[in-house]
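Open the model in your viewer and keep the selection panel at hand. Each stop below says what to select and what is there.

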Amino acid sequence: MSEEEPFAVDTSQMTVKVWYGQVYLADEQLDGDVSGDSEDSPTTSAGVIRVTPGLATLSIGVDWGEVPITVAVAGRDPRADLEGYEDIVEITFESLSGRIVLLEWDWDEPKTYSLPPLPAGPGPYRMRFHITGLDDHAGALDHYLQIWPEPSCDPAVLKTTSRNFQYFLNPEAFKPDDHASGSV
C-alpha cells in the first residue's frame, strides 16, 4: 500500500473529567487497575505521556476539570498534525490484549470510554500525543492521541512550543526565568 492510498482511521471524540492532571489509556486486560508504575514494570516517558505495559498515563495540563480529547486508531501512521497543535510527542505502547479504553481517575468508580479495537491485536503500537493550550488554559486546551501498530522504538519529541511542555519534559532542569511568564 502506498502512502497516498486511503486507509481506515477510527476516531473517537469525548470530553473527559480530569483529576490530578491525568487520564489513562488502559488495556482491557488490566481490568481497571491503573496503579501504574511498579518495580516489576519498566516505565518509559515522553514528558506528557508515561507508559508501562498495558497502561499509558496522559498528563493533561490542568489539575481538574473537563477537557476535550480525540483518539484516532489507525492501521498505519496517520501522520502528525504539525500545524494544528503546539506540542507533539511519540512513544511506544505495549497492548496486552489488543483492546483499550480511556479511563478517568476517580476516588469512587472510574468512568471508561470505549475505543476501537487495535488493528493488529496485542503487541507494540506507536502513540502520538498532540496538545495545544498548555500555556493558556482558558478554554483552548485540546488533546489528540493517534495510535497505530509499529515496532518498539525510542520516545520522540516532534514539536515543542509551550513553556509548560518544557516542564513536563524535564522538571528537574526547568528554569522558569528562562521561559515566558506564566505559571506551571
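The tour starts with the whole chain and then goes from stop to stop.

**Stop 1: the whole chain**

Note that this is a predicted model. Show the chain as a cartoon. The protein chain has one helix and 12 strands. Colour by position along the sequence. The order is then β-β-β-β-β-β-β-β-β-β-β-β-α. Now colour by accessibility. The chain has 184 residues, and 43% of them count as buried.

**Stop 2: the nonpolar patch**

Select Trp19, Tyr20 and Trp64, and show their surface. Together these residues make a nonpolar surface patch of about 370 Å².

Zoom in on Trp19. Trp19 is in the loop that joins strand S1 (9-18) to strand S2 (22-27).

Move on to Tyr20. Tyr20, too, belongs to the loop between S1 and S2. Its relative accessibility is 47%, which again reads as partly exposed. Check the backbone here. The phi of Tyr20 is positive, about 55 degrees, although Tyr20 is not a glycine.

**Stop 3**

Select Arg79. Its phi is also positive, at about 75 degrees, and Arg79 is not a glycine. Look for it in the loop between S6 and S7. With a relative accessible area of 49%, Arg79 is partly exposed.

**Stop 3: the salt-bridge network**

How many salt bridges does a search of the whole structure find? It finds four.

Centre the view on Arg128. The side chains of Arg128 and Asp77 meet in a salt bridge, with an N to O distance of 3.0 Å. Arg128 sits in strand S10 (residues 123-132) and Asp77 in the loop between strand S6 (65-74) and S7, so this pair ties together parts 51 residues apart in sequence. How accessible is each partner? Arg128 is buried, at 3% relative accessibility. Asp77 is partly exposed, at 27%.

Stay on Arg128 and turn to Glu90. These two also form a salt bridge, and their closest N and O atoms are 2.7 Å apart. This pair links strand S10, which holds Arg128, to strand S7, which holds Glu90, across 38 residues. Glu90 is buried, with a relative accessible area of 10%.

**Stop 5**

Select Glu28 and Arg99. Their side chains meet in a salt bridge of 3.0 Å, N to O. The partners come from distant parts of the chain, 71 residues apart: Glu28 is in the loop between S2 and strand S3 (44-45), and Arg99 in the loop between S7 and strand S8 (100-104). Compare their accessibility with the viewer's surface. Glu28 is partly exposed, at 38%. Arg99 is partly exposed as well, at 43%.

**Stop 4: the second largest pocket**

Rolling a probe the size of a water molecule over the atoms shows where empty space is left. The second largest pocket has a volume of about 150 Å³. Select Thr44, Val51, Thr92, Phe93 and Glu94. Of the 12 lining residues, these are the closest to the pocket's centre. Strand S4 (49-52) and strand S7 (87-95) are the elements that each give two or more residues to this lining. Which element gives the largest share? S7 does, with four residues.

Now colour the lining of this pocket by residue class. Seven of its residues are nonpolar, four are polar and one is charged.

**Stop 5**

Select Val48. Val48 lies in the loop between S3 and S4. At 0% relative accessibility, Val48 counts as buried.

**Last view**

Finish with two selections on screen together. Keep the patch of Trp19, Tyr20 and Trp64 as a surface.

Methods
Residues are numbered from 1 along each chain as its sequence is written. This is a predicted model: local features need pLDDT of at least 70, side-chain atom pairs count only at pLDDT 80 or more; totals for chains, interfaces and linings use all residues. Side-chain values use heavy atoms; hydrogens and water are left out. Patches are made of residues with over 30% relative accessible area and no salt bridge: like charges are joined within 9 Å, nonpolar side chains (Val, Leu, Ile, Met, Phe, Trp, Tyr) within 5 Å. Accessible areas come from the Shrake-Rupley method with a 1.4 Å probe; for residues, only the protein chains shown count as cover. On a 1 Å grid over the protein atoms alone, a cavity is a set of points where a 1.4 Å probe fits but cannot get out, and a pocket is an open set with protein on both sides within 12 Å along at least five of seven lines; lining residues have an atom within 4 Å of a point. Grid points are joined across faces, edges and corners, and a volume is the space filled by probe spheres set on the points. Ala, Val, Leu, Ile, Met, Phe, Trp, Tyr, Cys and Pro count as nonpolar, Asp, Glu, Lys and Arg as charged, and the others, Gly among them, as polar. Buried means under 20% relative accessible area, exposed over 50%, partly exposed in between (1.4 Å probe, protein chains only).
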